[in-house]
Protein chains: 2
Amino acid sequence: MIKVGIAGYGNLGKGVEKAVNAANDLELVGVFTRRNPDSVNTVSGVTVYSMDQAENFKDDIDVMVLCGGSATDLPEQTPALASMFNVVDSFDTHANIPEHFKNVDEAAKAANKTAAISIGWDPGLFSLNRLIAESILPEGKTYTFWGKGVSQGHSDAIRRIDGVADAKQYTIPVKEAIESVRNNERPDLTTRQKHIRECFVVAKEGADLQKIEDEIKNMPNYFSDYDTTVHFISQEELNKNHGTLPHGGFVLRSGSTGENNHLIEYSLNLDSNPEFTASVLTAVARAIARMNAEGWTGAKTIFDIPASYLSDKSAEELRATML
Amino acid sequence: MIKVGIAGYGNLGKGVEKAVNAANDLELVGVFTRRNPDSVNTVSGVTVYSMDQAENFKDDIDVMVLCGGSATDLPEQTPALASMFNVVDSFDTHANIPEHFKNVDEAAKAANKTAAISIGWDPGLFSLNRLIAESILPEGKTYTFWGKGVSQGHSDAIRRIDGVADAKQYTIPVKEAIESVRNNERPDLTTRQKHIRECFVVAKEGADLQKIEDEIKNMPNYFSDYDTTVHFISQEELNKNHGTLPHGGFVLRSGSTGENNHLIEYSLNLDSNPEFTASVLTAVARAIARMNAEGWTGAKTIFDIPASYLSDKSAEELRATML
């Protein structure tokens, strides 16, 4: 059994708990939190420890899955924990990946540990598909579309607007754009042509709805480059119809070998973004524990992990049944 | 530059020639054939040698791409050439993969060479997607659909029928079956419910068309388990409208994390089956040459190859641009 710890217990940590408990070869040792452990109750009843206690578990945990946020948690936590454990994180601030990789690589190598960063579906599975597709069809063009799904960052941005009580934002890929890519037309697409944004907003009593709508639609980076629709609804309606976190998307590579065109398409349609991301982290946790046992150390990304390590089946079984 | 040889010069070998010549980091050294080399003219003008001369190129070729057939060529050629070169093959007789792997592994290990077997899209990219999807979503069901595309084996089977001058057979996935999988219904599908077969047949003058059609539709293994349509057309029409080798297909995994459903879908839509397969072989040839240079030896499948090795870009560049 591979012994797993979870650092951070939000939606993602709960998803990892579920995935680890569902796996036959993984055993959940504990959840580590920066909150008061007594204030945290786990779904499966596994014990909660203070993050400060983690170092006492050096010999009892084969891999620690980090479930904190990319903005402030992971840049500190991943290098710190990689000096004690094999780790997996979902660091997703694309621009800072090279720096994060370097910090984690140094910490992990010094401790003979293995650390997978930026694991999930994007970065993660989508990145893997971009890389493989481009390597196979070097002449061509790659497209990534996200959605339909809830963007937490965009939902948060709306909630910060004066007069807004609550909000959910859906990112929706433009169907015509995907069809054009599927037809190997290789269009140049603007931001506006790729995705639309649909917002469901609960206004506070007496708020100026037109002002809120204008503020959303003109918000730089988040909305101003998109066609955005705003619906004002009640809190009850939001809770009832928009209470889950679905997501997904498409990676398409349209490429050529001379006069012949080829399309490679990868897509995800997820009821729960955090639970699926957690499932990816959990499969990679298995891989990282096994890779470390075989002598690989340092920071890794999804690009560096042979797929066979993700599975609980033996190489022989995989070749006989899945190749 | 990675120096590449091609063993076997049919459609697949010509595709590898095209892909190697299109790559910046690969150099084509020569084509090796069992035919009389003087009788073979290559598209790019690269020199043709007799297969017997291959051993003289031990120090001049970093990786040999095998483009023979799985029935009789590869079971002999891959172990033989793996004792002299790093090799890549597209062995696709699923039932014999474990035995082929063993034979190639022994030959390659003894010579400190690296050998990738069963590379292409199925086995190959489809296998990789089946493995990754199942590892991430252990609770669920995986489906593979092929087509729409030309099945060479089925076309050959029709051509062997008495009274048939020529034929092309298309394998077509049943749309309703794919939609049911996409809706996470996880149906149990019979062979008949998954694919239909459409045949375009040129009959010899005076042949009994009804007899041919009956013989096709009742052919065990090939057609009797499918809904099959037979169209009789002229040789001119066959050449004009059915002269290419398109193919493709879908791998779908419908899985659950508790009450939440997730769909992972991978699909290919290929104008030319042999040219795309050749492109996969070529990317893996790059990977195998690099893996051997780093000390990996023995037989490998697509399950064992970290994706980063497929690309001509550095690990740093991949992390900065594609993650």
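Mentor: Let's begin with a term: a disulfide is a pair of cysteine sulfur atoms within 2.5 Å. In general, a disulfide is a covalent bond between the sulfur atoms of two cysteines.

Trainee: Okay, and how many disulfides does a search of the whole structure find?
Mentor: Zero, over all chains. Before we go on, this is a predicted model, where local features need pLDDT of at least 70, side-chain atom pairs count only at pLDDT 80 or more, and totals for chains, interfaces and linings use all residues. Residues are numbered from 1 along each chain as its sequence is written, chains are lettered from A and ligands numbered from 1 in the order in which they are written, and side-chain values use heavy atoms, with hydrogens and water left out.

Trainee: Got it. Is C199(A) buried or exposed?
Mentor: C199(A) counts as buried, because its relative accessibility is 0%. Buried means under 20% relative accessible area, exposed means over 50%, and partly exposed is in between, with a 1.4 Å probe and protein chains only.

Trainee: And what about C67(B), buried or exposed?
Mentor: C67(B) is buried too, with a relative accessible area of 10%.

Trainee: New topic. What domains is chain A divided into?
Mentor: Domain 1 of chain A covers 2-122 + 274-322, and domain 2 covers 150-243. Those bounds come from an automatic or database domain assignment. The C-alpha centres of the two domains lie 32 Å apart.

Trainee: Now the two chains together. How many residues does each bring to the contact?
Mentor: Chain B brings 59 residues and chain A brings 59 residues. Contact here means heavy atoms within 4.5 Å.

Trainee: What area do they bury between them?
Mentor: About 5000 Å², with 63% of it on carbon and sulfur atoms. Buried area is the accessible area (1.4 Å probe) that two parts lose on being put together, summed over both.

Trainee: And how many salt bridges are there between chain B and chain A?
Mentor: Four. A salt bridge is a side-chain nitrogen of Lys or Arg within 4 Å of a carboxyl oxygen of Asp or Glu. One joins the side chains of E259(B) and K18(A), at 3.4 Å from N to O.

Trainee: Which elements of chain B give two or more residues to the side that touches chain A?
Mentor: They are α3 (97-110), α4 (125-136), β13 (260-270), α10 (273-293) and α11 (315-321) of chain B. β13(B) gives the most, with eleven residues. Helices (H or I, at least four residues) and strands (E, at least two) are DSSP runs, numbered from the N terminus.

Trainee: Can you show me one residue from chain A's side? Where is S135(A)?
Mentor: S135(A) is in helix α4 (residues 125-136) of chain A. Leaving out residues up to four places away in sequence, S135(A) touches A283(B), R286(B), L310(B) and S311(B). S135(A) is buried, with a relative accessible area of 10%.

Trainee: Last one: how many residues of helix α2 (residues 73-82) of chain A are buried?
Mentor: Seven of its ten, so α2(A) is mostly covered under the definition of buried. They are D73(A), L74(A), Q77(A), T78(A), P79(A), L81(A) and A82(A). These buried residues pack against β1 (2-7), β4 (63-66), β5 (86-88), α3 (97-110) and β6 (114-116) of chain A.
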